[in-house]
Amino acid sequence: RMPIRAAVRKQVVPAIISQMVTLIYNLADTYFVGLLNDPAQTAAVAVAAPIFLMLTAISNLFGIGGASTFAQALGRKEENTASWISAISFWFGLLSSIVFSITILCLMRPILTICGATEETYQLVHGYVMWTVVFGGPGTVLNILLANLIRAEGNAVVASTGVSAGGILNVILDPIFVLPQCLGMGVVGAGLATAISNLAATAFFLVY
């Protein structure tokens, strides 16, 4: 029982830590933009949230589904099949994120209007979505997708480290890009910080 309990703890604890960091990650943009005391900019983050969550849905579609079958193949010692599964998950996840980002770019105004953007907030939401979804979408999807695949391989610590590092980097970059004492880019800076953080985490996983 002890080896099993230790193995479970080795997998579960890093996963919990990464989820906590992801929660902080999602709150960081709202917090630092809120410090500007500009309701329009804070509203821009909220309006963009449903679109950003769609990226998480895409990453989970291929990340969680792929990780499950990937782990099963590894359990059966079918390494070639596992390799194919991970490749399919990666490339289809990347392709889907690119298609989604292009769709958002082409249909930006009607989609943002449906999500609640007004004439007052449209340009702010547009700038935020350009960085988080159009330019940063593939990084967001691959960050979560690769973390799931690496965790399924048995390296939960590496998966949690990558996700956590991205979240911490986002918290560090947000005040630099957002606040007027630094670059003063406002909500657009928050989007840029999110995009850089996700791309950095994805680069970490790709190097691994």
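## How to read the model

Residues are numbered from 1 along each chain as its sequence is written, and side-chain values use heavy atoms, with hydrogens and water left out. Because the model is predicted, local features need pLDDT of at least 70 and side-chain atom pairs count only at pLDDT 80 or more, while totals for chains, interfaces and linings use all residues.

## The overall fold

Let us begin with the big picture. The protein has eight helices and zero strands, where helices (H or I, at least four residues) and strands (E, at least two) are DSSP runs numbered from the N terminus. Read from the N terminus on, the elements go α-α-α-α-α-α-α-α.

Of the 208 residues of the protein, 45% count as buried. Here buried means under 20% relative accessible area, exposed means over 50%, and partly exposed is in between (1.4 Å probe, protein chains only).

Alanine 44 and leucine 112 are 68 residues apart along the chain, with 9.9 Å between their C-alpha atoms.

Serine 97, in helix α3 (residues 79-106), is also buried, with 0% relative accessibility. Its C-alpha atom is 8.7 Å from that of leucine 142, which is 45 residues apart from serine 97 in sequence. In helix α8 you will find phenylalanine 205, which is buried with a relative accessible area of 4%. Between the C-alpha atoms of phenylalanine 205 and glycine 162 there are 6.7 Å, and along the chain the two are 43 residues apart.

## Two loop residues with positive phi

Most residues other than glycine have a negative phi. Asparagine 37 is not a glycine, yet it has a positive phi of about 55°. You can find asparagine 37 in the loop between α1 (2-34) and α2, where it counts as exposed at 70% relative accessibility.

Lysine 77 is not a glycine either, and has a positive phi of about 65°. The loop between α2 and α3 holds lysine 77, and this residue is exposed, with 71% relative accessibility.

## Aromatic rings

Across the whole structure, a search finds five aromatic pairs. Rings of Phe, Tyr and Trp (its six-membered ring) pair if their centres lie within 6.5 Å; planes under 30 degrees apart count as stacked, over 60 as edge-to-face and the rest as tilted. The pair of tryptophan 131 and phenylalanine 135 is tilted, because the ring centres are 5.2 Å apart and the planes are at 55°. These two residues are four residues apart in helix α5 (residues 122-135), so about one helical turn separates them. Tryptophan 131 is partly exposed at 30% relative accessibility, and phenylalanine 135 is partly exposed with a relative accessible area of 48%.

A charged side chain also meets a ring: arginine 109 lies over the face of tyrosine 122, at 3.9 Å from the ring centre. A charge sits over a ring if NZ of Lys or CZ of Arg is within 6 Å of the ring centre and within 35 degrees of the ring normal.

## Cysteines

A disulfide is a covalent bond between the sulfur atoms of two cysteines. With a disulfide taken as a pair of cysteine sulfur atoms within 2.5 Å, the count comes to zero. Cysteine 106 counts as exposed at 59% relative accessibility, whereas cysteine 115 counts as partly exposed at 28%.

## The second largest pocket

Finally, let us visit a pocket. A pocket is an open set of points on a 1 Å grid over the protein atoms alone, where a 1.4 Å probe fits, with protein on both sides within 12 Å along at least five of seven lines; lining residues have an atom within 4 Å of a point. The second largest pocket has a volume of about 170 Å³, a volume being the space filled by probe spheres set on the points, which are joined across faces, edges and corners.

Its lining is made of Phe70, Leu146, Leu149, Ile150, Glu153, Phe205, Leu206 and Tyr208. Helices α6 (137-152) and α8 (186-207) each supply at least two of the lining residues, and the largest share, three residues, comes from α6. The lining divides into seven nonpolar residues, no polar and one charged. For this division, Ala, Val, Leu, Ile, Met, Phe, Trp, Tyr, Cys and Pro count as nonpolar, Asp, Glu, Lys and Arg as charged, and the others, Gly among them, as polar.
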